[in-house]
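The following exercises concern one protein chain.

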Amino acid sequence: MIQYQVKLKFNGEQEAKLEEWLWRLQAVWNWAVRKIELDGRDGVRYSSMEFRNQLAGHSKKIEIPSHTIQGVLRTAHDAWVRCYKGIGGRPRLKGRRNRLTSIPFPDPIRRSQDAHIRLQGVGLVRFHKQWLPEGAIKCGRLVKKASGWHLCLFIDAEPKAISITGDGQIGIDPGYRKESLLTLSTGEKIAHPKELEKLETRLGQAQRGKRLKLAARIQERIANQRRDRNHKLSRRLVSENAVIVFSKDKIKDIAQRGRGPVHFGKHVASAAHYQLRQMLAYKCSRTGGRSYIEVDGRDSTMTCSNCGTKSGPVGLSGLAVRQWRCKDCGGLHDRDINAAMNTLRVGVGATPQRGICNDA
């Protein structure tokens, strides 16, 4: 099963209908979230199928297909299940500042020979002509974004396999502020495209001018560029390496760290390392013979990759030190490359004190 997204072109009547649907389905969502919460306090529990049928017969009243209503109820039920299992947070009610932006279509969607697709209750809709993977379209979800309406299709097809070009082993040290986006244990430093920094002036102007639609469109463009960058980078790393070890930092703590000239919050968001880690994890699991490992990045910078002595720079004041020499063995280290090498050693179950993997 793969997910594919197409941009739709509605006429005025269709768009007005969908806007009305969003308003009514938002009320359905709020009702579902509150009902599960209040009934749960009284010990009443619902299965997914039982809860989907809570509003049976209401389709004609609110003039929305019944399966679409059931899709919203199922989404609310799944959200509470994730909350109870500790996987996700508590579902929030939708309102003026947190609107519902998607409409589910849980039924199979028929293909069309031309650039059109038929949605239940909406009719024939034109989309920007593009190639669609072969396979049955199991379901879809209509999403309203700043750039317009998009249809997320869930297609019963196999994703394109990642070609294998190497079987290396790498450790990855993430970078923030002025440093590289990633530093590999091989010595390669991947430059930061800085998508946010390039558009932050325009974004600030739009926000100060209260041009909310323009600001949302710029933010969407930044997110798209960041996602595209991470997809290409993760695909390349998985293709070239059999073992990938990533230094997992405490992103929330780093984002709140720093005073005066040292700030990390915006740079942490711009780097999007969490998104990259997720992509590496599922692409490695999907590609045979690939392993993805996350390790604690504590002390990776200050530890000598040759002898294991902790003699490197520490603290915020040590961020300015990009190269340092070990006081014990005299080895000269690049701060980031040394951290990436230590990350690889920890990931493969070795330590520099034992002299294992010194040729990494």
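Each exercise below consists of a task and a worked solution.

The model is predicted: local features need pLDDT of at least 70, side-chain atom pairs count only at pLDDT 80 or more, and totals for chains, interfaces and linings use all residues. Residues are numbered from 1 along each chain as its sequence is written, and side-chain values use heavy atoms, with hydrogens and water left out.

**Exercise 1. Overall description**

Task: State how many helices and strands the protein has, and what share of its residues counts as buried.

Solution. 
Step 1. Helices (H or I, at least four residues) and strands (E, at least two) are DSSP runs, numbered from the N terminus. By this rule the protein has 10 helices and 13 strands.
Step 2. Buried means under 20% relative accessible area, exposed over 50%, and partly exposed in between, with a 1.4 Å probe and protein chains only. Of the 360 residues, 42% count as buried.
Step 3. The C-alpha atoms fill a box of roughly 80 × 50 × 45 Å, taken along the principal axes.
Step 4. A contact means heavy atoms within 4.5 Å. Of the contacts with a separation of 6 or more, 66% come from residues 24 or more positions apart.

**Exercise 2. The five-stranded sheet**

Task: Determine the order of the five strands in the open sheet, and describe how β10 is paired with β7 and with β11.

Solution. 
Step 1. Two strands pair if DSSP finds at least two bridges between them. The open sheet has the order β9-β8-β7-β10-β11, with mixed pairing. Its edge strands are β9 (189-190) and β11, each of which pairs on one side only.
Step 2. Strand β7 (residues 168-174) runs parallel to β10, and five bridges join the two. Within this pair, I170 has I244 as its bridge partner, and G171 stands opposite V245.
Step 3. On β11 (residues 291-296), six bridges connect to β10, again in parallel. Here I244 is the bridge partner of Y292.
Step 4. Strands β7 and β8 run antiparallel and are joined by three bridges; D173 is paired with T183 of β8.
Step 5. Strand β10 (residues 241-248) is largely enclosed by the rest of the structure, because seven of its eight residues are buried. Strand β7 is also largely enclosed, since five of its seven residues are buried.

**Exercise 3. The surroundings of T343**

Task: Decide whether T343 is buried or exposed, and list its contacts beyond four places in sequence.

Solution. 
Step 1. T343 lies in helix α10 (residues 335-347). Its relative accessible area is 2%, so T343 is buried.
Step 2. A polar contact is a pair of N or O atoms within 3.5 Å; within protein, one must be able to donate a hydrogen and the other to accept it, and residues adjacent in sequence count only if both atoms are side-chain atoms. The T343 side chain reaches the backbone oxygen of A339 at 2.8 Å.
Step 3. Leaving aside neighbours within four places in sequence, T343 is in contact with G171, I172, V245, F246, S247, V295 and S300.

**Exercise 4. Cysteines**

Solution. 
Step 1. A disulfide is a covalent bond between the sulfur atoms of two cysteines.
Step 2. C284 is buried, with a relative accessible area of 3%, and C326 is buried, with a relative accessible area of 3%.
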